Amino acid sequence: MSTSSTDLSAEERLVQAFEANEGQALNGAASLGEIRREAISRFSTLGLPGPKSEAYKYSPVTRALRHEYEVNVDAEPEHGVTESDVDDLLLPGLDAHIITLVNGRFDADLSRIGDLPDGVIARDFHGASAEHADLISEHFAQYADHRERVFVALNTAFTKDGAFVYVPNNTILEKPIHVLNVTSTDRDLFIQPRNLVIAEQSASATVIETDHTLTDSQTFTNAVTEIAVGANAHVDHYKVQAEGENASQVNNISAYQTRDSLFSTTTFTLSGRLVRNNLHITADAENCESRLYGLFMGRDEMHVDNSTLVDHTMPNCMSDELYKGILDDDATGVFNGKVFVHRDAQNIKAYQSNDNILLTNDADIYTKPELEIYADDVQCSHGATSGQLDEEAMFYLRSRGLSRSQAQSMLLVAFAGDIVDHVEVEPLREVLSETVTERFAETSEAATRWKA
Amino acid sequence: MALLEINDLHVSVEDSEILRGVDLTIDTGQTHAIMGPNGSGKSTLAKVLAGREEYEVDRGSVLFEGEDILGDEPDERAEKGIFLAFQYPVELPGVSMNNFLKESVNKVREARGEEPLGAADLLQQIREKAELVGLNADLTKRSVNEGFSGGEKKRNEIFQLAMLEPKLAIMDETDSGLDIDALRAVADGVNKLRTDDRGFMVITHYQRLLNYIVPDRVHVMIDGRIVRSGGKELAVELEDKGYEWVREDAAVAA
Ligand SMILES: Nc1ncnc2c1ncn2[C@@H]1O[C@H](COP(=O)(O)OP(=O)(O)OP(=O)(O)O)[C@@H](O)[C@H]1O
Ligand SMILES: [Mg+2]
């Protein structure tokens with residue numbers, strides 16, 4: 001008896017797709033095949049988050065996956081993305097190494113990697129897995145936990161392509177890497193890019209990932225980015241999510257820090273339908289500094305969920321976390337931040353906060369900042385605020401002649417500015433600041449560069 | 001026609017009545033001082049005049065240049081020329097003074113039918129007015145009131161007053177928290193702004209300020225009413241005798 005696909009659960013469909021594609025999904029070392037098979041079996045065991053899942057309590061990802069997305073394994077040669085589309089999405093004034101992924105697959109014609117310092121690699125993951133099998137097997141699937149995290153497991157099983165960045169010892173990569181994620185398809189695709197960034201000892205790099213949608217079809221991206229930050233290395237990472245209103249994503253970022261390293265990541269969620277960010281930082285050696293910032297701006301029916309974990313396993317580290325949300329219309333925001341300080345991790349400074357502004361009565365926010373501390377000599381703080389714009393501040397501005405919407409826009413831009421100001425890359429900061437200002441401008445219809 | 005005419009104004013917040021029938025008229029060119037014990041309703045009156053929405057006007061009228069303004073939004077009142085220097089100026093982290101001044105000044109200018117100021121002219125104005133009221137011009141490069149000292153915040157209020165050139169300036173305890181030099185500087189600034197086409201309502205607890213800004217009339221507010229009015233010597237008398245004396249008087253009169 002043949003079973004029509006509609007009778008299958010999302011899990012079953014995904015496992016079937018794995019079986020159908022397994023053979024040709026990934027080139028490269030045989031050991032990766034083993035990891036992928038382990039990952040699919042973990043995926044089957046863990047299953048998609050059920051209604052009782054604490055981690056996905058407020059975010060209906062499983063429901064979203066009932067839609068029958070086509071699992072994309074092969075590149076779509078007819079994706080229709082042109083050089084000028086790419087031009088429109090680049091950051092004016094930013095000289096960067098550009099890696100373009102279309103529907104999760106590297107596109108050489110649309111990438112502009114340019115000259116790289118000696119020893120630096122910036123290219124497609126697929127090709128790198130064959131040519132740099134040693135680096136891949138040393139780092140791949142070492143930081144993102146495919147055994148316990150269902151979306152990491154799923155992505156790992158389907159690993160095929162993405163961006164690969166390697167910066168060797170003592171090398172400073174001056175220009176940022178810009179990974180341009182473009183979705184352009186007539187089909188309802190399930191897209192799973194897999195990225196790996198390795199900064200070896202005393203290396204330094206900036207990686208900017210931006211997500212864009214050029215078409216109207218429904219898509220679901222489940223991305224994994226692993227970032228290895230070597231001893232005394234410095235990695236600045238930015239993620240800008242500016243997808244279309246039919247695009248959903250689960251974005252998994254796992255960073256692993258060794259001693260004396262600095263890792264900072266800032267996530268901007270500007271648009272999209274359902275966006276879930278799983279950010280996981282492990283500070284696994286002494287004297288690490290971790291910075292995580294985020295700004296999410298929900299409107300219409302958008303749903304944005306930031307779930308972060310900072311894992312302090314070793315002493316003398318510091319982490320600073322600030323997420324801000326502005327929710328308009330019927331949008332929903334979720335912030336679930338956890339800082340975990342292990343028993344031997346003494347002398348940790350960890351700060352965490354989440355502040356939200358709700359612009360309508362229909363907007364919702366669920367926030368849970370959490371500290372779990374087993375060491376005794378720590379300096380930690382956490383907190384969350386959610387509310388409307390401050391009435392007293394509004395009155396002050398309006399008593400000086402500003403209209404309600406002018407005053408509101410001024411206060412929102414200031415509120416968001418706290419996060420935008422953390423961006424060290426000036427052209428990126430400018431575009432973001434423009435986007436935020438235009439979003440909240442009196443005539444909020446103004447088109448922005450990254451408006452979905 | 002009076003600049004400001006308040007008739008039998010009753011105001012409540014959350015069902016408790018705070019102003020219980022205020023009558024007050026200020027002619028253009030005049031400066032009126034309002035004194036009175038803590039909690040008597042002085043700031044409430046100031047905020048109601050500026051259009052704060054949380055206060056409920058139960059009865060009475062407020063005419064500004066003969067026109068009822070109680071239905072106006074706070075920004076409409078600002079555009080008509082009403083300015084409130086706050087007792088507790090609000091800190092606005094991330095809102096730059098420059099940007100704020102540009103929008104505010106140009107909104108008010110537009111309402112007066114004047115051309116918006118360009119960046120260079122605005123800067124020039126900022127420099128001039130900052131000097132007039134003794135505001136350190138470096139403060140105009142920061143966020144509005146953020147981290148300003150108490151005195152700096154008060155000076156910033158008078159600085160904005162000077163920038164916006166209102167017809168009616170309401171100063172709510174601008175002198176509280178100022179050291180003696182700052183007080184003199186602010187008072188000098190205000191005195192320069194006292195012109196025939198502008199009126200002032202100065203709320204204060206201290207007669208000292210009124211030595212510098214000499215009022216035409218002094219009013220005493222107690223329990224949401226103006227219970228006594230007089231010339232500038234009334235302030236001196238109050239300083240001597242305290243409010244009990246007026247309170248008793250008022251009780252007898254009632
Ligand atoms: N928003 C409010 N909610 C509740 N009560 C209020 C509110 N605003 C004012 N009041 C009350 O109204 C009364 C008058 O307050 P107001 O601030 O007008 O006094 P004031 O004369 O300015 O006092 P001070 O000299 O201490 O500045 C006080 O009892 C105050 O607690
Ligand atoms: Mg007061």
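I looked up the pairing of strand S4 (residues 56-64) of chain B with S5(B): two bridges join them, and they run antiparallel. Two strands pair if DSSP finds at least two bridges between them; helices (H or I, at least four residues) and strands (E, at least two) are DSSP runs, numbered from the N terminus. Phe64(B) stands opposite Glu67(B) in S5(B).

This is a predicted model, in which local features need pLDDT of at least 70, side-chain atom pairs count only at pLDDT 80 or more, and totals for chains, interfaces and linings use all residues. Residues are numbered from 1 along each chain as its sequence is written, chains are lettered from A and ligands numbered from 1 in the order in which they are written, and side-chain values use heavy atoms, with hydrogens and water left out.

Next I traced the sheet in chain B. I found an open sheet of four strands, ordered S2-S1-S4-S5, with antiparallel pairing. Strand S2 (16-26) and strand S5 (67-68) of chain B are the edges, each pairing on one side only.

Then I turned to the helices of chain A. Helix H8 (residues 391-398) and helix H9 (residues 404-420) of chain A pack at an angle of about 125 degrees, their axes 9 Å apart (axes are lines fitted to C-alpha atoms, for helices over the stretch in contact, and angles run from 0 to 180 degrees between N-to-C directions). I noted H8(A) as oblique to H9(A) for that reason (under 35 degrees is roughly parallel, over 145 roughly antiparallel, 65 to 115 roughly perpendicular, the rest oblique).
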